Amino acid sequence: MAITREHELHRRRSSRNVGLAIALVGFIALVFGLTIAKVQGGASLQAFDHSYRPALDPDNVRFQQR
Amino acid sequence: MTDIRTDMSYAAEGDARFGDYVALLKPRVMSLVVFTALAGLLVAPGSLHPIEALAAIIFIALGAGASGALNMWWDADIDRVMKRTMKRPIPAGKVTPEEALGLGVGLSGLSVIMLWLATNALAGFLLAFTIFFYAVIYSMWLKRATPQNIVIGGAAGAFPPMIGWVAVTGSISVEACLMFLLIFMWTPPHFWALALFMKSDYHKARVPMLTVTHGRQVTRAHVLAYTLALVPVALMAGFTSIGGPVYLALALVLNAIFLQGAWAIWQRDEAQAEADGYATEKRVFRFSLAYLFLHFTAFLAEAMLAYLPVYAAFAARLPLLEVF
């Protein structure tokens with residue numbers, strides 16, 4: 001069998017590479033879209049950052065509202 | 001240089017085309033999963049961001065595909081023997097069993113975690129249970145142990161609309177259970193109608209199929225019995241929030257036809273069936289495909305029609321079944 005540039009093995013490898021690339025790009029796009037959707041529809045984005053913040057404590061907020 | 005082989009018929013890691021890995025995921029089964037999961041998701045009360053809904057459908061389908069890959073890995077020995085399955089990627093030598101196992105396990109984990117993150121934990125858990133059910137309970141245990149394998153295995157195919165529903169609502173309701181039961185009860189008569197006219201070689205693979213273990217007459221009786229059990233489930237769904245007058249009218253017609261077909265199958269014997277080339281069995285099998293598709297289409301139609309105030313007022317006159 002002659003060794004050519006376009007061997008069957010190259011076509012299989014190319015098929016795998018292109019398929020995997022499309023799958024990965026699709027997955028990244030989906031995770032990005034999900035992130036945007038969650039951020040748009042989500043609750044407060046603030047969180048505790050190393051120190052206690054009374055304004056973010058639901059119990060504390062309820063106590064102050066009484 | 002002794003490591004160069006010109007023989008391409010063997011499977012080595014990394015030799016497959018991308019399409020061979022896709023074939024491991026059973027794309028035809030995935031398309032049914034996408035349709036029923038989408039129906040469950042669209043008819044559920046509440047809303048989901050379109051991207052979250054898209055992600056939910058993709059990961060439910062991917063989870064179903066992963067269980068298909070695990071099934072092909074486990075059943076490679078059976079697939080090699082049977083004519084219908086010997087061209088699947090593993091018996092055809094295109095993909096190694098280890099690759100199929102890796103793909104199945106990897107996609108299972110990815111789909112479950114991503115569905116959980118995209119929607120909720122219960123939907124993720126149900127998808128994980130579906131994969132476990134199909135790969136372990138059905139493929140590894142029941143398929144080779146009992147002729148009722150198809151009945152219990154049908155549960156795996158019945159979960160997707162329930163997962164779609166749970167993805168939106170976060171809980172299981174009577175509607176989700178009825179959609180599950182509709183597919184669950186439909187699977188045995190659908191499959192056994194096919195088994196009656198398909199000369200399969202399950203016996204060669206030592207898989208106990210009802211037609212072989214208990215005979216064709218018993219199988220005919222089973223088709224009728226399961227159709228009788230299916231009818232009340234299909235009609236009951238008409239009296240829940242996913243049903244309505246259009247669904248109920250369609251379900252009445254479809255179930256009457258299906259029941260008539262199952263009755264006709266039961267009335268026949270092998271001599272009659274062979275004389276007309278299994279015409280009734282083939283007709284019932286083809287009809288069973290339309291039966292399920294039209295039921296779920298009717299659920300979708302009801303969800304759309306609910307936006308029309310006139311129809312909504314008319315539908316409100318139907319008594320509602322509220323269990324939990």
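## Chain B of a predicted model

The secondary structure of chain B consists of 14 helices and 0 strands. The structure is a predicted model, and the values below are computed from it. Read from the N terminus, the elements of chain B are accordingly written α-α-α-α-α-α-α-α-α-α-α-α-α-α. Chain B has a radius of gyration of 21 Å, close to the 20 Å that the globule rule gives for 324 residues, so the chain is as compact as a globular protein of that length. Along its principal axes, the C-alpha trace of chain B spans about 80 × 55 × 30 Å. Of the 324 residues, 47% count as buried. Among the contacts in chain B with a separation of 6 or more, 75% join residues 24 or more positions apart.

### Two domains

The domain assignment divides chain B into domain 1 (16-171) and domain 2 (173-324). Taken over C-alpha atoms, the centres of these two domains are separated by 22 Å. Their contact takes 29 residues from domain 1 of chain B and 26 residues from domain 2 of chain B. On the side of domain 1, the elements that give two or more residues are H2, helix H4 (76-81) and H7 of chain B. H7(B) gives the most to this side, with 12 residues. By class, the domain 1 side of the contact divides into 18 nonpolar, 7 polar and 4 charged residues.

### The packing of H2 and H7

Two of the helices named above also pack against each other. Helix H2 (residues 27-43) of chain B and helix H7 (residues 149-169) of chain B meet at an angle of about 35°, and their axes are 7 Å apart. The crossing of H2(B) and H7(B) is right-handed. Among the residues that make the contact are B:Val33, B:Ala37 and B:Leu41 of H2(B), together with B:Pro160, B:Ile163 and B:Trp165 of H7(B). The residues of this contact divide into 12 nonpolar, 3 polar and no charged.

### Individual residues

| Residue | Phi | Loop in chain B |
|---|---|---|
| B:Lys26 | about 50° | between helix H1 (18-24) and H2 |
| B:Tyr278 | about 55° | between helix H12 (270-275) and helix H13 (279-305) |

B:Lys26 has 19 C-beta neighbours inside 10 Å, so B:Lys26 counts as partly exposed.

A further residue, B:Leu250, lies in helix H11 (residues 245-267) of chain B. B:Leu250 counts as partly exposed because 18 C-beta neighbours lie inside 10 Å. Leaving aside neighbours within four places in sequence, B:Leu250 is in contact with B:Leu294 and B:Ala298. B:Leu250 and B:Leu294 are 44 residues apart in sequence, while their C-alpha atoms are 8.1 Å apart in space.

### The contact between chains

Chain B also touches chain A. This contact takes 12 residues from chain A and 13 residues from chain B. The side of chain A that touches chain B has 5 nonpolar, 4 polar and 3 charged residues.

How values were computed:
Residues are numbered from 1 along each chain as its sequence is written. Chains are lettered from A and ligands numbered from 1 in the order in which they are written. This is a predicted model: local features need pLDDT of at least 70, side-chain atom pairs count only at pLDDT 80 or more; totals for chains, interfaces and linings use all residues. Axes are lines fitted to C-alpha atoms, for helices over the stretch in contact, and angles run from 0 to 180 degrees between N-to-C directions. Helices (H or I, at least four residues) and strands (E, at least two) are DSSP runs, numbered from the N terminus. A crossing is left-handed if the near helix is turned anticlockwise from the far one by less than a right angle, and right-handed if clockwise. Two residues are in contact if their C-beta atoms, placed from the backbone, lie within 7 Å. Ala, Val, Leu, Ile, Met, Phe, Trp, Tyr, Cys and Pro count as nonpolar, Asp, Glu, Lys and Arg as charged, and the others, Gly among them, as polar. The radius of gyration is taken over C-alpha atoms; the globule rule is 2.2 Å times the number of residues to the power 0.38. A residue is buried if 20 or more other C-beta atoms lie within 10 Å of its own, exposed if 12 or fewer, and partly exposed in between; C-beta atoms are placed from the backbone. Domain bounds come from an automatic or database domain assignment.
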